[in-house]
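Here's a quick walk through the fold, from the overall layout down to one helix. Have the structure open as you read.

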Amino acid sequence: MKGIFVACFLISNVLFGQKIYWTETGKLKWSNFKSKINNQRGENVVAYTNCGWIYSYVRSSNPKSAIKIKIETVFNEDKSWKDVKKINNYVLLHEQKHFDVAEVFSRKLRKEVAEKVKTGADFDKYFKEIYNRILKEYQDFQRAYDGETKNGIIEEKQSEYNRIIAEELENYKSYKAS
């Protein structure tokens, strides 16, 4: 039954919200930012990237049977916004890094899930705690990224984060989506 709910949820998202799935070669374009609503506050906010990850799973009713979990990093076009009077390529790079950070934490989630969640019983026992912990780490990192770079304005900090994010993608390359 849970699998059916997840499938319906994913189908409704495809029908009603446009998503871009993270790939190493795929880069965001300003045309991907389709929301007309700026729900962000502050003079420094030129754009907002709504991204994260989604997961689905296939499991048996037998709790000892193997479970298959798929985790994908997504960018939500219909919830991402830009101020067309202020955008430039530098700001787009900052926003791309938000999407890249989502992929880093998707990989961290994939790694822990691969290590600890082998069966339906494992899923019931461990998945929610792993997911919630990594989600909090992800949200904290995104806040620190915007805070320390002042939404990309401090170029030295932006360069430092660009390096950190690239290193993390490399460190967890074994956990890219397949």
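## Ground rules

A contact here means heavy atoms within 4.5 Å. With that cut-off, residues 24 or more positions apart make up 78% of the contacts in the protein chain that have a separation of 6 or more.

This is a predicted model, where local features need pLDDT of at least 70, side-chain atom pairs count only at pLDDT 80 or more, and totals for chains, interfaces and linings use all residues. Residues are numbered from 1 along each chain as its sequence is written, and side-chain values use heavy atoms, leaving out hydrogens and water.

## Layout

The protein chain has four helices and five strands, running α-β-β-β-β-β-α-α-α from the N terminus. Those are DSSP runs, numbered from the N terminus: helices are H or I with at least four residues, strands E with at least two.

Of the 178 residues, 42% are buried, meaning under 20% relative accessible area with a 1.4 Å probe, protein chains only.

## The core

The largest nonpolar core holds 33 residues, and Trp53, Ile69, Leu109 and Val113 have the most contacts inside it. Such a core is a set of buried Ala, Val, Leu, Ile, Met, Phe, Trp, Tyr and Cys residues joined through side-chain atoms within 4.5 Å. β3 (51-58), β4 (68-76), α2 (89-116), α3 (120-149) and α4 (155-171) each supply at least two of its residues, with the largest share, nine, coming from α2.

Leaving aside residues up to four places away in sequence, Val113 touches Ile69, Ile71, Phe127 and Ile130.

## Helix α2

With 21 of its 28 residues buried, α2 is largely enclosed by the rest of the structure.

Technical notes
Buried < 20%, exposed > 50% of the residue type's maximum accessible area, 1.4 Å probe, protein only.
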